[in-house]
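Here are my notes for a first look at this one. Keep the structure open beside them and go point by point.

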Amino acid sequence: MYSIKKAATFLTVAAMLLAESVTSFAAGPGDNIANNSSAIYSANTGNGNVQTADTPVSDASNSQSSSGTSGSTSVASQGSATQQISSGKTLGKVTVSVDAIRPTLTTGHDGDLSPDPVLNLVPLATYYIYDSAGNRIDYGYSQQNDSFVFAENGFNRMMLEHQNVGRWYYRTYSKASGWGPWAVSGETTPDQGTVQAVMFRVKGYTHHLGELYYRAVLNDGTETDWAVAGQACGAIGTDKYIVALKLALWKNGVAFPYPTDKPLDNTYTEGVYTDASGVVKYSKADGSAYTGTGFDKDSNQYYFVDGTAVTGWQNVNGYNVYFDQNGHAVKDLEPIMGAQSSYAIRINKATRTVYVLAKDSSGNYTIPFKTFMCSVGTDTPIGSFHIYEKYRWKYMHEDCYCQFLNRFYNGFIIHSLLYTEANPHTFDAINYNFIDQAISGGCIRLRACDAAWVYNNCGKGTTVTIFSDPWDKGPVEKGAIEQAIPRSQDYDPTDPVVGNAQSDADKQAVAQAQSQAAVDEAEGNIEPNEG
């Protein structure tokens, strides 16, 4: 059995260890460099006396990169999703060595992030690069101004771990394979060959605190400009590859003072942008028209046809997805479609995502009606099941209760997050803040509002299909926790009951459920799989 206290302790210790891991090592890249010469390792240790990357672009007398020439015709502007065309600017070059690269990949301190006001944790990431055999080459820290990763012969895979509430996304490009799938914090990208370009995004609470920028140095010494989240950085369609990479999470509200005109060594940028007339478009590095899914710097999901974002219903990989007037994929279709007569539930164990599907006009469950984030566990079963029993409150085992429960297989249940009593004010905030990092005993945990919706709308007999595919991020990408809650908060902020008036009948039903939960505890009627 895995109690709520143990779960909370595990997450707290994990957060503390991560915070320690990014402050207890030497500055700069090469902290764990492998398969490189001792001379390079020595150069990586640094002495803390470094230049900052480029002259700030706000300095009109010298607004170009440190070794490049300016002449950009970019139509980028602060606040647009990405820039459009970056032809006309010649990127600078540097000798490919750690000492020569360091000034290019060092930022000033104006945008440094402080511990956030709720959790007192600095938002940050540690990012790692690997060779084709899976050996770690190097790692860097997003919050450390002169830290970056370096691989003289390039790298094939990468992985990122983060601190604070939110989710980081990243993917890699190679000429042979194109863009790989999006990975999220803790996932290692698949090996598609030597990495030539990258994309990153951050969503949720961390994104409200800082904007992500990243820059690369290529094997021929080309220094790209800085990319903002959602843009491609590196080189596409050539034989050049990335040998050094820097991530910087820059404080929101503080102007980013470095060049962002040309994050790719190509004629065009690649990514989502808004044109002068306000139309959302997608630019490809080779200038060709793009049809497919794309994300902007705020992780809004679009579908593009010939490079222009579409609205309304679109068939995307066999799913019927609705895009609003802004072109954003809608995660909750109930306000648009109204309640439906039946639903099917589809859960991706690997991505910790729950999809509630509604029927299309042909009677097939192809409409992603609602998309939820969730917690799962190693023992979460794979297969097709049906909801057959429901409980308003239930005693699970030692100091652990849940509400809005839907049993679908043996000891496995879809339910709320955890409580120490049958009382919504006995909640531990850490289970909410880190919902899709927490590990359950096998049950599917949801935020209170989502568990309540399933409880009230998905009747007995509803199909629950569970599969596991880390690279299927779904027809609609799940949201993230947008606002962290303090550890002192004793209730789920999404709980539809807390703070709302209840009918007498509902109060009576809840009281009976709480009473039965107390009986189950006294009699030792535990649920074996919850944790």
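1. The lining of the largest cavity splits into five nonpolar, three polar and two charged residues. Here Ala, Val, Leu, Ile, Met, Phe, Trp, Tyr, Cys and Pro count as nonpolar, Asp, Glu, Lys and Arg as charged, and the others, Gly among them, as polar. Among the lining residues are Val 165, Arg 167, Phe 434, Asp 436 and Ile 481. The space inside is about 50 Å³, and the structure has two cavities of 30 Å³ or more.

2. A word on what you're looking at: this is a predicted model, where local features need pLDDT of at least 70 and side-chain atom pairs count only at pLDDT 80 or more, while totals for chains, interfaces and linings use all residues. Residues are numbered from 1 along each chain as its sequence is written, and side-chain values use heavy atoms, with hydrogens and water left out.

3. How is a cavity told from a pocket? On a 1 Å grid over the protein atoms alone, a cavity is a set of points where a 1.4 Å probe fits but cannot get out; a pocket is an open set with protein on both sides within 12 Å along at least five of seven lines, and lining residues have an atom within 4 Å of a point. Volume is the space filled by probe spheres set on the points, which are joined across faces, edges and corners.

4. Now the second largest pocket, with about 540 Å³ of space. It has 26 lining residues, and Trp 182, Thr 293, Phe 295, Asn 317 and Gly 474 are the closest to its centre. Strand β15 (292-295) gives the largest share of the lining, four residues, and β16 (301-305) also supplies at least two. Strands (E, at least two residues) and helices (H or I, at least four) are DSSP runs, numbered from the N terminus. By class, this lining has twelve nonpolar, eight polar and six charged residues.

5. Take a look at the loop between β15 and β16, where Ser 299 sits. Ser 299 isn't a glycine, yet its phi is positive, about 65°. Most residues other than glycine have a negative phi. Ser 299 is buried at 5% relative accessible area (buried is under 20%, exposed over 50%, partly exposed in between, with a 1.4 Å probe and protein chains only). Asp 306, in the loop between β16 and β17 (308-309), also has a positive phi, near 50°, but Asp 306 is exposed at 56%.

6. There are 20 salt bridges, each a side-chain nitrogen of Lys or Arg within 4 Å of a carboxyl oxygen of Asp or Glu. One of them pairs Glu 477 with Lys 203 at 2.8 Å. That pair spans 274 residues, from the loop between β28 and α8 to strand β8 (residues 197-203), and both partners are buried.

7. Lys 478 makes a salt bridge with Asp 436, at 3.0 Å between the closest N and O atoms. Lys 478 is in the loop between β28 and α8 and Asp 436 in the loop between α6 (429-433) and β27 (444-445), so the pair ties together parts 42 residues apart in sequence. Both residues are buried.

8. Which buried residue goes without a salt bridge? That's Asp 495, with Arg 392, the nearest side chain of opposite charge, 5.6 Å away (Lys and Arg count as positive, Asp and Glu as negative; His and the chain ends are not counted). Asp 495 lies in the loop between β28 (463-467) and α8 (504-523).
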